[in-house]
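I opened my notebook for a first pass through this structure. I wanted to look things up one at a time and write each down.

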Amino acid sequence: MKRIGVFVCHCGINIAGTVDVKRVVEALKGYPGVEHVEDYIYLCSEPGQGLVRDAIKRKQLGAVVVAACSPSLHEVTFRGVTKDAGLNPYQCEIANIREQCSWVHQEDKGFATKKATRIVKSMVEVVRLDKDLEPIRVPVTRRAVVIGGGIAGIQTALDIADAGHEVLLVEKNPSIGGRMIQLSETFPTLDCSQCILTPKMVAVSRHPKIEVLTYHEVVGISGFVGNFKVELLKKPRYVKEGTCNLCNKCVEVCPVVVPSEFDVGLAWRKAIYLPFPQAVPSVYTLDEKSCLGLDPIRCGKCAEVCEPKAIEFDMRPEVFDVEAGAVVVATGFDLYPMSKLGEYGGERYEDVISSLEFERILSASGPTKGQVRRPSDGKVPREVVFIQCAGSRDPENHKPYCSKICCMYTAKHAMLYKHRVHDGTAYVFYIDVRTPGKDFEEFYQRTVEEDRVNYVRGKVSKVFKQGDKIVVWGVDTLSGKKVEVKADLVVLALPMVPAAGAEDLFKKLRLSTNEHGFVQEAHPKLRPVEHPNSGFYLAGVAQGPKDIPETVAQASGAAAKVDALFSSAELLREPTIAEVVEELCDGCAFCIDPCPVQAITLVEYTWDGEVKKRVKVNEALCVGCGVCMATCPKKGIAVRNFTADRFLSMVEAMLED
Amino acid sequence: MEIPYYPGCTLKAKATALEQSTIAAFGALDVLLKELPRWTCCGAVYPLSAKKIAGLAAPIRILREAKIMGSDTLVTACAFCYNVLKRANKEFGADALRKKRINAYLADDVRVDEVTSEKIREWPEYVGEEDVKVLHLLEFLRDRIGFDKIPVKKQLSGLGVAPYYGCTLLRPAKEIGLDDPEHPVIMHDLLRALGAEPVDFPFLNECCASFLSLIRPETALRASHLILSSAESEGARALVVTCPLCFYNVESRQSEIREQYPDFKGMPVFYFTELLALGLGVSLDCAVGWKEHTVDVRGLLESAGLMDRGHASLGLAAQEAGRTLGAIPGPSKR
């Protein structure tokens, strides 16, 4: 029989303040199989660990139960200690008497002590049955797929590639650059966004380890960390890269004019187009949705004038698989649709624009070449109202969260407006001004003090058109007075929301999100660049609103995690996965469909002249979730060290008094 | 089609034009609005007290009456009644204990059997929205009949009316849910179906000052003037409303508004059911016709070619419908 040791942690007063640790120790003394019981103030400390290690050796223990905090925190620690002491690490179990006991029963110490005793006893029953397990070794494909070619994806790709690993940078749009390439100047230093981003775009396109796949989408994924198979869709561009010589003749003859995505609808583009001059790759794309017909009988003007014959109408979408060890999600954001903000006109008024449209108006490469002019009539606006939190921090009607960057970019917008229209007046309606960032507060103060922007603390209730003015009704909550501004232009700081299509993509990748669709991190503080599903990493606004410096930092963090994963050729996987109990499985196949990772297959074999059936588990795919176990009517499949007999003896131990 | 109908007090007093035109128009649509046999005031304002027991009793008693009639729907034309009944119905379902208490309280009611004159004390338990749904007649038209199914006899083209929604028809949006409170379209859509060209204006959902009309008439005048002049500057020749109180503020007070704001020349105001009746070919130009309108509507209707005296008068149509319903008292002796 196994000699079992039990160690009860006080966790300072976290446990001992509620649970009478000494009584738990007394209760376990003499419990069947328990050879050693001991308590200590902080078992996770170095002396605490030493205590466990020494006891295992001294008393020749065969298994240990550590009654302490959640196994998600220190299971790894104590399994390490067990291994150091010469045991198989799976001979250590954690009894969670903190999160599941002392923290929730602070008002009833007697009950907490009783419950803690039961939890510990039940874990003794588990460890009694635990088998020695060895980790599964799997090879690692040292290639990363980075989804999204904005600043987050670009930085991640560069950092992974610089460490010597291959990267596929997948972007659904015709060019990389993302949102950042659309911006004018960046806070708090006012350097031109394009000027600082284009060198990185060029670096990505020229990096020998990076393959840029623009106009591609991820459509599926299978496999697991280190061994993913990513299914990619190559959308037809109808223009052969490499053959096209960028002569622009196709654009000149194209008769179709549609709003430009790059200029957020403030300017036009043709059906065949280059999104912007510095696009990477520098090649035209024929947008099949607006093209008059890929049927050359209807139009085909572009193909006629194309001298190098680069236009090919019969290109078809292609789907292909790539192998990768890690996937980085850097899918970025869109703005919340203005049509949902009826109180601010809901897209009815041309001169009520989004902050991204204002970025394009301010941008040197924008539709007005950086001159501030309003969309309706091209006049220079004399009075501009900026509305912050136009949908953010509004749990009743829109989004409850803070979009984080709006205070700073609105200050920047107001400042740049004043720099260009010296005699103009700018108003900013705000709830609070939040400037936590290096040099941010100083920047905001400059906007108020040097550039004389009028900050009004209060919300705007209504925006409507009167003649050629946009009337803004708001309140100044500091003076308690209603405010009316007859403005020429109104700029809304709309909430940042996950990019269009992200929801669909995350479903395909089986990535959990929060209620607003931002992809979940493994731990909000300690593992902010990883997803709980191993092998998936996060960068940029896909995970939550953030500014450029923070995005770049997170991107480099994600890249470092990928590099760490790729640092060895082999990966150790948890051996606690499903195992078929050969004598009980009769191949009824109930477990095959419910398996969320398609790890189970049915095999047929001949035995004694008869055809028999049985299921088989793919060790590489199984994640040990236990769904198969729950569906099996014959106890024919079980997750190792997680079997039904353990649960039964746990329940018995719990019910004993 | 027959449907239980709750008129509310105002429609029997200050807003008979709304009731008459409603019954006439729906009569022309083959919808018999069966007035509840017993009803009280709905409370007029949604109860704001914490427990709302007393405040909910009246509307729930009204809804129970619809249940007794064997219907799962109750319609109303007044925006205020609609607001109270619909919210009370929703709120009632939220608290099981309060539901029990209100039902127990209402079980003390006594009714007299019409035939045997026997006193009856048996009442069904009222459950909530599962029992009876409250629909505004606009909603009923849109969802149960369909705007496209209205057999329009007379296109209301050239009328240039601005739909004015007010507050109670739209808010609070999460409880009422009739339309987008910032961008309502339901009356626009009805007007389009009738062949009119709705005029959009920014104050279509601003408050008319409501009950402030009584204690601070100057506020009501200012608000109403803002609404009317905004519609006018967008090119509207008339306003169309659903609510008797809105009508009072933006119509009945127009002489005072003109005194205070001499630039304002006046603008006719219709109830939506009056335009519906016109579109259905029911003439409103007689007995009860435009008596409650202080601003002349005939000029506008004539200029738009809508004053056809050949059609059945509302008086007759309504009285005919009224007799069947037993709903309409005799012509006012005022």
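**A hairpin in chain A**

I began with one residue pair: A:Phe224 has A:Asn227 in β12(A) as its bridge partner. Before going on I noted that this is a predicted model, in which local features need pLDDT of at least 70, side-chain atom pairs count only at pLDDT 80 or more, and totals for chains, interfaces and linings use all residues. Residues are numbered from 1 along each chain as its sequence is written, while chains are lettered from A and ligands numbered from 1 in the order in which they are written.

I looked up the strands next. Strand β11 (residues 216–224) of chain A pairs with strand β12 (residues 227–234) of chain A in the antiparallel sense, over 8 bridges. Two strands pair if DSSP finds at least two bridges between them. Strands (E, at least two residues) and helices (H or I, at least four residues) are DSSP runs, numbered from the N terminus. The hairpin of β11(A) and β12(A) has 2 residues between the strands, and A:Gly226 takes a positive phi near 85° there.

I then followed β12(A) to strand β17 (residues 318–324) of chain A. The two run antiparallel and are joined by 7 bridges. In β17(A), A:Asp321 stands opposite A:Glu231.

**Chain A as a whole**

I stepped back to the chain. Chain A has 17 helices and 34 strands. Its C-alpha trace spans about 90 × 75 × 40 Å along the principal axes. Of the 657 residues in chain A, 44% are buried. A residue is buried if 20 or more other C-beta atoms lie within 10 Å of its own, exposed if 12 or fewer, and partly exposed in between, with C-beta atoms placed from the backbone.

I checked contacts too. Residues 24 or more positions apart account for 70% of the chain A contacts with a separation of 6 or more. Two residues are in contact if their C-beta atoms, placed from the backbone, lie within 7 Å.

The domain assignment of chain A gives domain 1 (4–135), domain 2 (143–235 + 317–332 + 499–565), domain 3 (249–305), domain 4 (338–497) and domain 5 (578–639). Such bounds come from an automatic or database domain assignment. I found the C-alpha centres of domain 3 of chain A and domain 5 of chain A 54 Å apart.

**Helix α7 of chain A**

Is α7(A) enclosed or open? I counted 11 of its 12 residues as buried, so α7(A) is largely enclosed by the rest of the structure. The buried ones include A:Ile151, A:Leu158 and A:Asp159. They pack against β6 (143–147), β7 (166–171), α8 (193–206), β10 (210–214), β18 (326–329) and α15 (548–565) of chain A. Just after α7(A), A:Gly164 takes a positive phi of about 100°.

I also looked at two of those strands. β6(A) and β7(A) pair in the parallel sense over 5 bridges. A:Val146 has A:Leu169 in β7(A) as its bridge partner. β7(A) is mostly covered, with 5 of its 6 residues buried.

**A parallel sheet**

In chain A I traced an open sheet of 5 strands, in the order β20-β27-β21-β22-β23, with parallel pairing. Its edge strands are β20 (352–354) and β23 (454–457) of chain A, and each pairs on one side only. β20(A) runs parallel to strand β27 (residues 489–492) of chain A, and 3 bridges join them. A:Val352 stands opposite A:Val490 in β27(A).

**Chain B**

Last, I turned to chain B. Its domain assignment gives domain 1 (2–135 + 317–325) and domain 2 (152–311). The centres of domain 1 of chain B and domain 2 of chain B, taken over C-alpha atoms, are separated by 26 Å. Their contact takes 24 residues from domain 1 of chain B and 21 residues from domain 2 of chain B.

I ended on one residue. B:Asp95 is in the loop between α4 and α5 (96–106) of chain B. B:Asp95 is partly exposed, because 15 other C-beta atoms lie within 10 Å. B:Asp95 and B:Lys51 are 44 residues apart in sequence and 9.9 Å apart in space, C-alpha to C-alpha.
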